[in-house]
Amino acid sequence: MIVGDFGTSYCKFLNLAEDGGQPTILASKELPGNLHVDLATGHNGRRFADRYVNELIALARGGEAMIAEPDYVLLDCGSRDLKFVAVAGGKLKDMGWNTECGASMGFTIELLGRYYDLDFKRLDAPETTFPVTCGVLGMSHIFDAVIAGMPVSQAVASLVKGIAINAHRFCGSPERLYLSGGLVDNPVFVASLPCEVITLGRFLLLAGLARQAGREAAPCPR
Amino acid sequence: MRQHDFAKFTQVGIVGLPPRSVIARLNQAGVAIHDLDARLVEANLEGISPLLPKVYCAILRTVVLNAVNLQLDAIFIDVGPGKCDGALHVATILEDTLPLPVIRVINTDTKDFGHPLCQARQDLTEKFLAITEGVKQAQPPVIQPKPCKPKAGFWGVPPRDFSLLAPFPPATHIYGWSRCLENKTPANQALEAYCNPQVPTVFFAQSFCAKTALAKYLAHRHPLSLYLDVDFNAGGSALAKVQAFLELSGALA
């Protein structure tokens, strides 16, 4: 069985039939039109799969698969959206999915990095923060700051920090946060989150799909 | 309420739930009743933009859209505690805008007629359609469904967009103002505030409605809840949240 996480910028795949198989990743813009998987999640997932699992369910199932604690907050920061689940006593406590206002944060960060040719691995989390609730609208802070003399790298990092603080607030301002999604690879973003952070990589939704596939394959309890 | 000759009316609109005595008189006179809170016309909302702010309760925007597009002889609008302050102001706007009587009423009925539909095992959309149809009749249906054990709960007003209801299982109990509607006591605040802490419940808030405060508060107190604020249409994110909540809370098992 092949499962796929069809994100806005990147798609991730895993063949569950291959023991120890590793996920593969492909830019969404390079996705072949005739691609087909068995089980999918993500914005584009319905077009390419027999069965679809919505992203919040995939996230929650991924949390079940990868976090061995009864109480946690798991936040996924992708290209286009933020989503989180909060679990208490092993049960769902809260959830959220921010697809409209506040969206496109990951995409904006990647866009800025390419435009200004920045390597986020060489940047530190800044002292300064831009108050942003939306990636696209937040860009004007960068342009204003650069005009005022702030170095580009600091201005972009300040935006990233603002996005991180907004994401932290979105999921209820936990003291400890499990983080998944593409932004786990951005050290400025991770270091800017004002809490303890445990990163779980960008393939957690695939783990969630695998778990969901196992649940669906399991015989009905009698 | 001024005295009106109901026999002169053939088509009237209602906003909220007018007192049962008013509905009974309309029923006796054979007047066709249109529930202006519901989606009755497909006209463009831009047409009412001079009358109401764009950022406003979707139900009341729908009321105005219906009122300006339907051929009505009168409108009965509940401006009391059974509806909302917004309806009070919409009444003023409709009075000034439309060439027909806009009759302000206050429903403080206290006689309970029960809420069997709210507790029935039936498709949730069908239950809501039946409840909102029921506001046009003074008498409840003769045949009433039996209650079922709830697996999920929906608290709130009837949403403007019923597509939100599709993911719920048939054994979903309805709470909040919708239950008050079926009970024909829209101002019964105790009934409105009731919910079952044993049942995973979606606390639905129609954006910009005053009842969002109660929805948020009750959701906060409820041990297994989803607070859901939705404006004009239920987007993919809202539907996904409902679907995920129902599955992860075990309501679909």
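Colleague: Before we go on, what pLDDT do local features need?
Modeller: Residues are numbered from 1 along each chain as its sequence is written, while chains are lettered from A and ligands numbered from 1 in the order in which they are written. This is a predicted model, where totals for chains, interfaces and linings use all residues, side-chain atom pairs count only at pLDDT 80 or more, and local features need pLDDT of at least 70.

Colleague: What is the average twist from one strand to the next in the open sheet of chain A?
Modeller: The five strands follow the order β3-β2-β1-β4-β5 (chain A), with mixed pairing. Since β3 and β5 (49–52) of chain A each have a single partner strand, they stand at the edges, so one side of each lacks a neighbour in the sheet. Angles run from 0 to 180 degrees between N-to-C directions, and axes are lines fitted to C-alpha atoms, for helices over the stretch in contact. From one strand to the next, the twist averages 30°.

Colleague: Is Ala27(A) buried or exposed?
Modeller: Ala27(A) lies in strand β3 (residues 24–27) of chain A. Counting other C-beta atoms, placed from the backbone, within 10 Å of a residue's own, 20 or more make it buried, 12 or fewer exposed, and anything in between partly exposed. Because Ala27(A) has 10 C-beta neighbours inside 10 Å, it counts as exposed.

Colleague: Leaving out residues up to four places away in sequence, which residues does Ala27(A) touch?
Modeller: Contact is defined by C-beta atoms, placed from the backbone, lying within 7 Å. Ser9(A) is 18 residues from Ala27(A) along the chain, with 6.0 Å between their C-alpha atoms. With residues up to four places away not counted, Ala27(A) touches Ser9(A) and Tyr10(A).

Colleague: Which element gives the most to the side of chain A that touches chain B?
Modeller: The contact takes nine residues from chain B and 10 residues from chain A. On the chain A side, α1 (55–66) and β8 (91–98) of chain A each supply at least two residues. With four residues, the element giving the most is α1(A).

Colleague: What is the radius of gyration of chain B?
Modeller: Chain B holds eight helices and eight strands. Chain B is as compact as a globular protein of its length, because the rule gives 18 Å for 253 residues and its radius of gyration is close to that, at 18 Å.

Colleague: Which residue is the bridge partner of Trp155(B) in β6(B)?
Modeller: An open sheet of four strands in chain B has the order β6-β5-β7-β8, with parallel pairing. Within it, strand β5 (residues 152–155) of chain B pairs with β6(B) over four bridges. The bridge partner of Trp155(B) in β6(B) is Tyr175(B).

Methods:
Two residues are in contact if their C-beta atoms, placed from the backbone, lie within 7 Å. Two strands pair if DSSP finds at least two bridges between them. The radius of gyration is taken over C-alpha atoms; the globule rule is 2.2 Å times the number of residues to the power 0.38.
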